[in-house]
Amino acid sequence: MENYERLLDRARQQVPPEVFESKRFDIPKSVIFVEGNRTIIRNYRDIALALNRDPPHLMKFLMRELATAGVIEAQRAVFQGRFTSKTLDDLILRYTKIYVLCPECGKPDTHIEREHRFQFLVCEACGAKASIKSIQ
Ligand SMILES: [Zn+2]
């Protein structure tokens, strides 16, 4: 067993460091608390930052899906109504699939371009350009 681990160590040392540095894409889980009839995501800005999207864009999507009003306050997002972190995480994942991940290659290295009334998800990894619906 010890030999095997030593072997593994040696194998690791032979792998160029870039392999371990490849960018990982993690969506932070929402950290929430419910206060009266309001639900607050404490790490809202971190989530938008991890997704590389404008905080108001994600906010618009969440408010529409939750059918409620809300406001961004510094790091936090505050929604009217009581919601669970599961509900919010599911919606954030749905948002990610529509507005972040490239439909062609699945990578998150994308940005949104606006042309007139139309919006496109443009992939910096493979160059794909897909039209997306604007959030009403
Ligand atoms: Zn792509």
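Select the zinc ion first. In this predicted model, its site is tetrahedral, with angles of 106 to 116° among the four donor atoms. Show the side chains of C102, C105, C123 and C126: the SG atom of each coordinates the zinc ion, at 2.3 Å. Along the chain these donors follow the spacing C-x2-C-x17-C-x2-C.

C105, at 35%, is partly exposed.

Next, select residues 55-66, which form helix α4. Now pick out P55, H57, L58, M59, F61, L62 and L66, which are buried. To see what covers these residues, display elements including α3 (44-51), β3 (70-73) and β4 (76-80), along with α5 (85-99), β5 (110-115) and β6 (118-123). Then step just past the end of α4 to A67, where phi is positive, at about 50°.

Last, go to T39, in strand β2 (residues 38-41). Is T39 buried or exposed? Its relative accessible area is 0%, so T39 is buried. Show its side chain together with the backbone of G81: a polar atom of the T39 side chain lies 2.6 Å from the backbone oxygen of G81. Beyond its neighbours within four places in sequence, T39 is in contact with I32, F33 and V34, with A77, V78 and F79, and with G81, R82, F83 and L88.

Definitions and conventions. Residues are numbered from 1 along each chain as its sequence is written. This is a predicted model: local features need pLDDT of at least 70, side-chain atom pairs count only at pLDDT 80 or more; totals for chains, interfaces and linings use all residues. Side-chain values use heavy atoms; hydrogens and water are left out. Helices (H or I, at least four residues) and strands (E, at least two) are DSSP runs, numbered from the N terminus. Buried means under 20% relative accessible area, exposed over 50%, partly exposed in between (1.4 Å probe, protein chains only). A polar contact is a pair of N or O atoms within 3.5 Å; within protein, one must be able to donate a hydrogen and the other to accept it, and residues adjacent in sequence count only if both atoms are side-chain atoms. Contact means heavy atoms within 4.5 Å. Donors are N, O and S atoms within 2.8 Å of the metal (3.2 Å for Na, K and Ca); water is not among the atoms, so sites may look incomplete. Four donors count as tetrahedral if all angles lie between 85 and 135 degrees; four count as square planar and six as octahedral if opposite donors are over 155 degrees apart and all others between 65 and 115; anything else is irregular. The expected span of a helix is 1.5 Å times one less than its number of residues.
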